[in-house]
Amino acid sequence: MCLLKNSGTPALLFIWRQSPLLPAGVGTAHGNLSQILCVKLCGNLKYYQSNLYSTVVPPDEITVNYRHGLPLITLTLPSRKERCQFVVKPMLTTVGSFLQDLQNEDKGIKTAAIFTADGSEIAASTLMEVLLMNDFKLVINKITYDVQCPKKEKLSREQTTEMENMKSLVHRLFTALHLEEFQKKREHHLLEKIDHLKGQLQPLEQMKAKIEDRSEAKTSGLLWAGLAVLSVQGGAMAWLTWWVYSWDIMEPVTYFITFANSMVFFAYFIVTRQDYTYSAVKSRQFLHFFHKKSKQQHFDVVQYNQLKEDLAKATEALRRVRHSLYLQMPVEELNEKK
């Protein structure tokens, strides 16, 4: 405490009060605690109180620190104006989950996004471990905060190898402990997907069955018409040979007819790139009638084929999941199923 006097002016009495948070002998050089200065004006009992602070974090600044090896992000919530700390698990937490935690904690946060220092938006699936390697910008309700990440010490090659082995071991343990639960969820999801696909396919299957019946009837009619033409042709040749002309006259005619048929078959191969067989002709004609009728009935063949393919994949995946669950069941449950 010191007393200053001056002629013609009241004396000023400066009283330094030690903060109760400070132990005796601790001065302002430590830079993290405050002292209180009281000024007394002698002759006029007025007191003026002033707080002298050292360098502290502004209330709206976002800081990133490490505690017990985990990143600790501290920020001010916009609604309550309170500082809140979020512990981040770098290898499990993603940018999307971190932003969702912010919105869950403060309902006043309408929009939240994270950008790189050059202004590129960071995907929600990015791990926080990757994000905390460099400085970034956090935008909350259109207010941008520059976040500086502390630089971590680079690990040696042996430490890096040990860390990777530890991550691999943790991943295998997690997989082994949660594999059955994951497979049951997968089985439930596949069953729902199969039911949904069957529901979409049911009206298409009914329409397809009707189109197939009509196409099959037209194809059969065309085949019977071809048989009738060949029968008429054979009967006409026999009538001309035995009743109108002789064999000497009809023999060259039959040769040219046979040669003409060979030319027709060869032309069919050139156009379709398929051998002229009755089964191939029937299948081709059936598909021709089917697609023509599908356009008339507005039947989407591409959608139907895609749904059938998705259903086959889902069924195969369900079979594999159930086979895996069957192998992991205890002996008692296997005997009960048998």
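This is a predicted model: local features need pLDDT of at least 70, side-chain atom pairs count only at pLDDT 80 or more; totals for chains, interfaces and linings use all residues.

The side chain of Glu 82 meets that of Arg 80 in a salt bridge, with a distance of 3.2 Å from N to O. Arg 80 is likewise partly exposed, its relative accessible area being 40%.

Arg 80 has a further partner. Glu 105 also forms a salt bridge with Arg 80, and here the closest N and O atoms are 3.4 Å apart. Glu 105 belongs to helix α1, whereas Arg 80 sits in the loop between β6 and β7, so this pair ties together parts that are 25 residues apart in sequence. With a relative accessible area of 36%, Glu 105 is partly exposed. Taken together, Arg 80, Glu 82 and Glu 105 are linked in a network of salt bridges.

How many salt bridges does the structure hold? The total is nine. Another of these is formed by the side chains of Lys 313 and Glu 309, which meet at 3.5 Å, N to O. Lys 313 and Glu 309 are four residues apart in helix α6 (residues 301-328), so about one helical turn separates them. Lys 313 is exposed, because its relative accessible area of 54% is over the limit of 50%. Glu 309, at 39%, is partly exposed.

The account now returns to helix α1, which spans residues 95-105 and contains Asp 101. Asp 101 has a relative accessibility of 38% and therefore counts as partly exposed. In sequence Asp 101 is 15 residues from Phe 86, while in space the two are 8.5 Å apart, C-alpha to C-alpha.

In soluble globular proteins, nonpolar side chains tend to be buried together. The largest nonpolar core of this model has 25 residues, and those with the most contacts inside it are Phe 98, Ile 114 and Leu 138. Several elements each supply at least two residues of this core: the strands β6 (70-76), β7 (83-87), β8 (112-116), β9 (136-140) and β10 (143-147), together with the helices α1 and α2 (128-131). Which element gives the largest share of this core? That element is α1, with four residues.

The next topic is a pair of annotated segments. An unreviewed UniProt entry carries the annotation "transmembrane region" for residues 222-241 and 253-271. In the model, residues 222-241 are 100% helix and 0% strand, and the end C-alpha atoms of this span lie 29 Å apart. Residues 253-271 are also 100% helix and 0% strand, with end C-alpha atoms 27 Å apart.

Helix α3 (residues 157-244) provides the largest share of the patch, four residues. Ile 249, by contrast, is found in helix α4 (residues 247-272). The relative accessible area of Ile 249 is 48%, so this residue is partly exposed.

The last topic is the aromatic side chains. Where ring centres must lie within 6.5 Å for two rings to pair, the count comes to five aromatic pairs. One of them joins Phe 286 and Phe 290: their ring centres are 6.2 Å apart and their planes stand at 25 degrees, so the pair is stacked. Both residues of this pair lie in helix α5 (residues 278-297), where Phe 286 and Phe 290 are four residues apart, about one turn of the helix. Are Phe 286 and Phe 290 buried or exposed? Both are buried.

Another pair is made by Phe 299 and Tyr 304. The centres of these rings are 5.7 Å apart and their planes are at 50 degrees, so the pair is tilted. Phe 299 and Tyr 304 are both buried. Ring pairs link Phe 286, Phe 290, Phe 299 and Tyr 304 into a cluster.

Methods: Residues are numbered from 1 along each chain as its sequence is written. Side-chain values use heavy atoms; hydrogens and water are left out. UniProt positions are given in the numbering used here, feature names are shortened, and annotations may be inferred rather than shown by experiment. Buried means under 20% relative accessible area, exposed over 50%, partly exposed in between (1.4 Å probe, protein chains only). Rings of Phe, Tyr and Trp (its six-membered ring) pair if their centres lie within 6.5 Å; planes under 30 degrees apart count as stacked, over 60 as edge-to-face and the rest as tilted. A nonpolar core is a set of buried Ala, Val, Leu, Ile, Met, Phe, Trp, Tyr and Cys residues joined through side-chain atoms within 4.5 Å. A salt bridge is a side-chain nitrogen of Lys or Arg within 4 Å of a carboxyl oxygen of Asp or Glu.
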